[in-house]
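My entries follow in the order in which I looked things up.

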Amino acid sequence: MNCKTTLENRTSVWYNYCMNKALKYRLYPTKTQMQLFARTFGCCRKVWNLMLSDKIESYKTTGKFVAVTPARYKSDHPYLKEVDSLALANTQLNLQSAFRNCFSKTRKKCNAFPKYKSAKHSRKSYTTNNQKGTVAILENAIRLPKVGMVKAVMHRVPDPDWRLKSATISQDSDGKYYASVLFAYESTAAESAPNIEICTENAVGLDYSSESLYVDSKRRSWQRP
């Protein structure tokens, strides 16, 4: 005898999720834009190495890693003012993240201590943020701070409700340029309770009785003590 009964009544609950999605586009910069990209790559690498060096030196003398920002080096290195300031700010955030991942007590396996970046072996890239349209997707181009309109192959257009957050510009070893554009959007999903299986073979119904304590579905009663 199969004593299982499935309850089919379900209640759906709707959730809104904030999702991120990146679209990668091939860029075709002009010669002047290529030079600015190269200068930005170099400045980000320079700031990383300067901040890392100061942190290491401060730890040797004080036992603590000093907090540093790119603005600290602009007076001694004026060329840092020529590139996108948000690219330098994101370099600072990346270094902070590298230190957290190195010394985190919650990670099962910590990352290695941050290393200096070399012009020959380090990845050529930088990230800039969209601030009121400073980064924008156009018909056949991408607008970037300091760089302007960069010709691009727009193989996919983002949905109208997607919000542009940032763009990461990179150059591969073969010399090709790309922009990985990050978007945020809301996704709605419904979750329902799973089927509930109960056993009815030994189930008993109870009802009130004025003469006894109760009477069950099999007409048996239980007298009050």
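Which residues lie nearest the centre of the largest pocket? I found Cys44, Asn94, Lys117, Arg123 and Ser125 there, among the 15 residues that line the largest pocket.

Before going on, I noted that this is a predicted model, in which local features need pLDDT of at least 70 and side-chain atom pairs count only at pLDDT 80 or more, while totals for chains, interfaces and linings use all residues. Residues are numbered from 1 along each chain as its sequence is written, and side-chain values use heavy atoms, with hydrogens and water left out.

**Entry: overall layout.** I counted two helices and 12 strands in the protein, taking both as DSSP runs numbered from the N terminus (helices H or I with at least four residues, strands E with at least two). Along the sequence the pattern reads β-β-α-α-β-β-β-β-β-β-β-β-β-β. Of the 225 residues, 31% count as buried, where buried means under 20% relative accessible area, exposed means over 50% and partly exposed lies in between (1.4 Å probe, protein chains only). Among contacts between residues at least 6 apart in sequence, 61% join residues at least 24 apart, a contact being heavy atoms within 4.5 Å.

**Entry: the largest pocket.** I looked up its volume and read about 260 Å³, which is the space filled by probe spheres set on grid points that are joined across faces, edges and corners. A pocket here is an open set of points on a 1 Å grid over the protein atoms alone where a 1.4 Å probe fits, with protein on both sides within 12 Å along at least five of seven lines, and lining residues have an atom within 4 Å of a point. Helix H1 (31-62), helix H2 (85-103) and strand E3 (124-129) each supply at least two residues of the lining. By class, I noted five nonpolar, six polar and four charged residues in this lining, with Asp, Glu, Lys and Arg as charged, Ala, Val, Leu, Ile, Met, Phe, Trp, Tyr, Cys and Pro as nonpolar, and the others, Gly among them, as polar.

**Entry: salt bridges.** How many salt bridges are there? The count comes to two, each being a side-chain nitrogen of Lys or Arg within 4 Å of a carboxyl oxygen of Asp or Glu. In one of them, the side chains of Arg39 and Glu82 meet at 3.5 Å, N to O. Arg39 lies in helix H1 and Glu82 in the loop between H1 and H2, so this pair ties together parts that are 43 residues apart in sequence. Arg39 is partly exposed at 36% relative accessibility, and Glu82 is also partly exposed, at 42%.

Glu57 forms a salt bridge with Lys60, with their closest N and O atoms 3.7 Å apart. Glu57 and Lys60 are three residues apart in helix H1, which means that about one helical turn separates them. I read Glu57 as partly exposed at 42% and Lys60 as exposed at 61%.

**Entry: Cys43.** Not counting residues up to four places away in sequence, Cys43 touches Tyr79, Leu80, Val83 and Leu88.

**Entry: Thr168.** I placed Thr168 in strand E7 (residues 163-171). Its side chain makes a polar contact of 2.8 Å with the side chain of Thr127.

Technical notes. A polar contact is a pair of N or O atoms within 3.5 Å; within protein, one must be able to donate a hydrogen and the other to accept it, and residues adjacent in sequence count only if both atoms are side-chain atoms.
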